[in-house]
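These are my notebook entries on what I looked up in the structure below. I kept them in the order in which I went through the topics.

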Amino acid sequence: MKTMLRYCAAVGLLLATSLTQADYLETQNLFSETSPAEADTVVVLVPLFADGTPAAPAAWPAETVAQFQRAIDAQAFTGALGEQFEVLAPAGMHAKRLVALGMGDGATLQRADAESVGAALALHLATRPSRIVAVNTGLLPQNASHSALVAAVAHGADLANYRFDRYKSAPEPRPAQTYHWLVSDPKTTEARYTQLRALAEGVFTARELTNLPGSDGYPAAFADHVRQRLEPLGIKITVLTPKQVLQEGMAALYGVSRGSQHGSHLLIAQWRGSKDAPIALVGKGITFDSGGYNLKLDAESLLAMTGDKAGAAAVAGTLEALARQRAPVNVVGVMPLSQNAVSGTAQLPGDIVKSASGITIEIANTDAEGRLVLADGIWYAREKFKPRVIADIATLTGSKVRALGRDYAAVFSADDTLVDSVTQAGELTRERVWRLPLGPYEEIIDSTVADIRNTGAPGAQAGAVFLQQFAGDTPWVHVDMAGNGRYETTSKPPLTGATGYGVRLLTEWVTLYANTTTE
């Protein structure tokens, strides 16, 4: 048995190493004032026009302009956001195809809308043989936001070009285009894109971690991957083993993995880009959730439980993005990691555990385990780092999905300013949140045998009220991202698996919060 455990650990470590060395994208983005001499695909970004026909790019031959305008008339194309058409073998060009993408109102275009255009472009070209893609942005308004919007289009294409294919014996070739973006200010555009590429790398790491099967993404392997991915960026990594978790008094975290051969770990990552008091992010890391003795009985639900570590993955990805951006912020990420399994040593319904904060908890349901690991994670962040604010993120409750579906995450806090800042970050990134009330629900987690119990109704509020007990006097906000961490099965390929939800939300929020608050 010991030999087998050592073998499993070695396999996990090798997998973590290969993940760290992976290059998530094979596409490239170049920015210049001139178009490449040879391009097999030409793309033009067309803003909304109310009357007549939009002007074609000035450098196009007359025959190309004429065909372009005829195609616009034939397609009833208006430049509205999301509209597109393709012309094969365009007249006057060496390119094999000409693609027009509608950008909507260029004067009021939002970053997230520009990203959606880039994603649509990437998905369109994924099924077409394109090697060099020349993107003409000259029809867009040449205002102060031009460079940022073009960079956002490129960022959207990057996000759509990610593939999780490491377990396929013969994976399909990944998109490998070189995009040449024709812009008036290449230096500014490239600088903005570099920041967004750093953000994309964080999203990819979160997707990769979330997508890992439970037998490969167990707590120690998750921690190893994060260490190897983040430490070279200057992020300080600390990992507490199961024995150390118990020595710290974190019995709530420890107990969730009692039924598994993979004990609970606590992963801490800190990016010190400033000397300010830290902003703390705490992410739920249930690397696989069977439900414990309150066993999940639906096969599809069980299959999705590799994604119950999406909160911790989002925190890891956020730290990576901020470090790659060299962000001037002090951020600590705390990721409590457990595998919720069933065995003769597993935690039982009715058990009572004592959290590190001293609060005793009745285990009314072993499938409400995420709040148990977060309880000790929040306590650790508060006690060890004295942060100015704590934000936790978790795939916590089915109740949240029933209340808000998958388009919004739920946000809870007693601090209106905190809710406003997270909501603003969600609108900017389109990782939207909607506030649900914390009160009057104070008594829904009362227990007759312990200080509190780990269930209550309504479910989303019970989870939030439970977690609030462990934040103390520190400003605190809770994001319930249940349902947001994975694309639905109806999504068209290649948008399958983990979304990386939370990385862009938290990265934006940390920046907003750091820039608008003082100690």
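**Strand pairing.** I began with strand 1 and found that 5 bridges join it to strand 6 (residues 178-182), the two running parallel; strands are DSSP runs of E of at least two residues, helices are runs of H or I of at least four, and both are numbered from the N terminus. Two strands pair if DSSP finds at least two bridges between them. For N29 I looked up the bridge partner in strand 6, which is Y179. Buried means under 20% relative accessible area, exposed over 50%, and partly exposed in between, with a 1.4 Å probe and protein chains only.

**Source of the model.** I noted that this is a predicted model, in which local features need pLDDT of at least 70 and side-chain atom pairs count only at pLDDT 80 or more, whereas totals for chains, interfaces and linings use all residues. Residues are numbered from 1 along each chain as its sequence is written, and side-chain values use heavy atoms, with hydrogens and water left out.

**Salt bridges.** I searched the whole structure and found 25 salt bridges, each being a side-chain nitrogen of Lys or Arg within 4 Å of a carboxyl oxygen of Asp or Glu. One of them joins the side chains of R197 and E201, at 3.0 Å from N to O. Both lie in helix 5 (residues 186-211), and because they are 4 residues apart, about one helical turn separates R197 from E201. An α-helix has 3.6 residues a turn, so residues three or four places apart point the same way. E201 is buried, at a relative accessible area of 10%.

I then looked at E383 and R382, whose closest N and O atoms are 2.8 Å apart in a salt bridge. Of this pair, E383 is partly exposed at 32% relative accessible area, while R382 counts as buried at 18%. A further salt bridge brings together R432 and E427, at 3.2 Å from N to O; R432 is partly exposed at 26% relative accessibility, and E427 is partly exposed at 37%. Salt bridges with shared partners also link R197, E201, R229, E320 and R324 into one network.

**Helix 10.** I checked helix 10 (residues 310-324), whose 15 residues reach 21 Å from the first C-alpha to the last, close to the 21 Å expected; the expected span is 1.5 Å times one less than the number of residues. Because 14 of its 15 residues are buried, helix 10 is largely enclosed by the rest of the structure. After helix 10 comes R326, with a positive phi near 55°.

**Surface and loop.** I looked up V342, which sits in the loop between strand 11 (330-340) and strand 12 (352-354) and is partly exposed, with a relative accessible area of 40%.

**Whole chain.** I recorded 15 helices and 18 strands for the protein chain. Along its principal axes the C-alpha trace spans about 80 × 50 × 45 Å. Of the 519 residues, 57% count as buried.
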